[in-house]
Amino acid sequence: MLEPFQPFAAEIDLRTCRSPATPIERGLTFQRLETPPAMTRDDVTLDDLRRRLNEIDRHLIELVAERKAVSGEVARVKRSTGYPTRDYERERDVILGVRSTASELGVSPALAEELLRLLIRSSLTTQEQASVAARGAGSGRRVLVIGGGGKMGGWFVGFLASQGFTVEVADPGGGPAGVPRVDDWRTTDLKYDYIILATPLGVTDAILRDLALLRPAGVIFDVGSLKSPLRSGLLALKTAGCRVTSLHPMFGPDTELLSGRHVVFVDLGHAEALASARELFAPTMAEQVVMSLDDHDRLIAYVLGLSHALNIAFFTALAESGEAAPRLARMSSTTFDSQLDVATRVAQESPELYFEIQSLNDYGAESLEALGKAVERIRTAVLSQDKESFAALMRQGRDYLEDRRHVAERRA
């Protein structure tokens, strides 16, 4: 299982603030590898060249390791000076400089930029993890993750443990190795600072209502992707005077870097609970968004419901077309391949979860109806040879997506 937000401190001597010995300090040099004088080009064999490539690859990894160590020190300096973890202007300058250097050396600027972006992302992950661990917001406070044996529950277990919380898991299916576990949360004393529900949507509402009867003192929140089916349980907790709010992490359990990711907080009217939940993500670079329950589900109908339905329709049409996958692969295009990659990932997800997202949202029918109308407009324009109507749809989409791109750039 992925263990997110593991402290980076082990890779740095915190007393001297030095990284482990760099490759150069260990006696390695990174000089350009020249053909040995005694060997002419005609003497070089394929095995010789492969050995040289292996040497170069090892040197590259050594440099990446050194860069990672330096990133840990950068995180320390940023924390001590109050400097933000992410500096977009600095990233831009670095990428432009690398593109320029790549051009001078006869290397593809696009390749150089892609490589640097991977390294920057790795550095940001290191710095964010160090920030979360250094913040130490948990300080031994107790957390119960109901459903902590699942993928998203496991993410929260690792995330909170890295902040110093004492985490326990209530899950009959098990939990992360080394984490205290109980089969039934009802057998605990419920004296936790946070109680987090990472359970399937079909059972979460009942657990929320049961908690309302017991009135735990700690902050309670779920992490469900829909809130409509949880409405009665959340209202029951609020009516019982519990410190309740609701979260929706807009990322999957394999996520390590939260920069550029969103966490949606549903305001249920308890300001203290909302603030306490938001504080958990303060050391990260996640963008926090606060909204009402109804606004959340109305937007999720498009963000998740529409995108899922579109991909399900796409691979359903392909599967029922009578064209075998190898035959389509021989004629694939860039657009087709990109769409197929997304659809393939959707097809691997849980049918039960995806059905819940479509069927349990009070606003789910709205996005499905919009999708049906859009497909019918395309079909009508094509069958009637209405070129202008078809072009109008394309122009409308171009304008909408351009506006969205500008909003994203301004936010960054």
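The following questions and answers walk through a predicted model of one protein.

Biologist: How many helices and strands does the secondary structure of the protein come to?
Modeller: The protein has 412 residues, of which 35% count as buried. Among its contacts between residues at least 6 apart in sequence, 69% join residues at least 24 apart. As for its secondary structure, the totals are 13 helices and eight strands.

Biologist: Over which residues does pLDDT stay under 50?
Modeller: The mean pLDDT of the protein is 85, and 85% of its residues reach 70 or more. Where pLDDT is low, the predicted coordinates should not be read in detail. That caution applies to a stretch for which the model has 61 contacts beyond four places in sequence, and where pLDDT stays under 50, namely residues 1–33.

Biologist: How many residues apart are Asp210 and Arg186?
Modeller: The side chains of Asp210 and Arg186 form a salt bridge of 3.0 Å, N to O, and this pair links distant parts of the chain, with Asp210 in helix α5 (residues 201–214) and Arg186 in the loop between β3 (181–182) and β4 (194–197). Asp210 is partly exposed at 27% relative accessibility, and Arg186 is also partly exposed, at 45%.

Biologist: Which parts of the protein does the salt bridge between Arg231 and Asp362 tie together, and how many residues apart are they in sequence?
Modeller: The side chains of Arg231 and Asp362 meet at 3.1 Å, N to O. Arg231 lies in helix α6 (residues 231–239), whereas Asp362 lies in the loop between α11 (351–359) and α12 (364–383), so the pair ties together parts that are, in sequence, 131 residues apart.

Biologist: Which elements give two or more residues to the lining of the largest cavity?
Modeller: The count comes to one cavity of 30 Å³ or more, and the largest cavity has a volume of about 40 Å³. Its lining is made up of Val64, Arg67, Lys68, Leu119, Ser122 and Ser123, which divide into two nonpolar, two polar and two charged residues. The elements that give two or more residues to this lining are α1 (46–81) and α3 (109–135).

Biologist: How many nonpolar residues are in the lining of the second largest pocket?
Modeller: The second largest pocket has a volume of about 600 Å³. Of the 16 residues that line this pocket, the closest to its centre are Leu60, Leu63, Leu105, Val107 and Leu115, and α1, α2 (88–104) and α3 each supply at least two residues of the lining. One residue of the lining is polar and one is charged, while the nonpolar residues come to 14.

Biologist: Which residues does Gly153 touch, not counting those up to four places away in sequence?
Modeller: Gly153 is found in helix α4 (residues 151–161). Because buried means under 20% relative accessible area, Gly153, at 1%, counts as buried. The C-alpha atom of Gly153 is separated by 9.7 Å from that of Asp171, 18 residues apart along the chain. Beyond four places in sequence, the residues that Gly153 touches are Val145, Gly147, Gly148 and Ala198.

Biologist: Is Leu190, which has a positive phi, buried or exposed?
Modeller: Leu190 has a positive phi of about 60° although it is not a glycine, and its place is in the loop between β3 and β4. With a relative accessible area of 12%, Leu190 is buried.

Biologist: What is the relative accessibility of Gln385, a residue other than glycine with a positive phi?
Modeller: Phi of Gln385 is near 60°, and Gln385 sits in the loop between α12 and α13 (387–411). Gln385 counts as exposed, its relative accessibility being 68%.

Note on methods. Residues numbered from 1 in each chain as written. Predicted model: local features only at pLDDT ≥ 70, side-chain atom pairs only at ≥ 80, totals over all residues. Heavy atoms only, no water. Salt bridge = Lys/Arg side-chain N within 4 Å of Asp/Glu carboxyl O. Helix = DSSP H or I, 4+ residues; strand = E, 2+ residues; numbered from the N terminus. Buried < 20%, exposed > 50% of the residue type's maximum accessible area, 1.4 Å probe, protein only. 1 Å grid on protein atoms, 1.4 Å probe; cavity = no way out; pocket = protein on both sides within 12 Å on 5 of 7 lines; lining within 4 Å. Points joined across faces, edges and corners; volume = space filled by probe spheres on them. Nonpolar A, V, L, I, M, F, W, Y, C, P; charged D, E, K, R; others polar. pLDDT = per-residue confidence, 0-100. Contact = heavy atoms within 4.5 Å.
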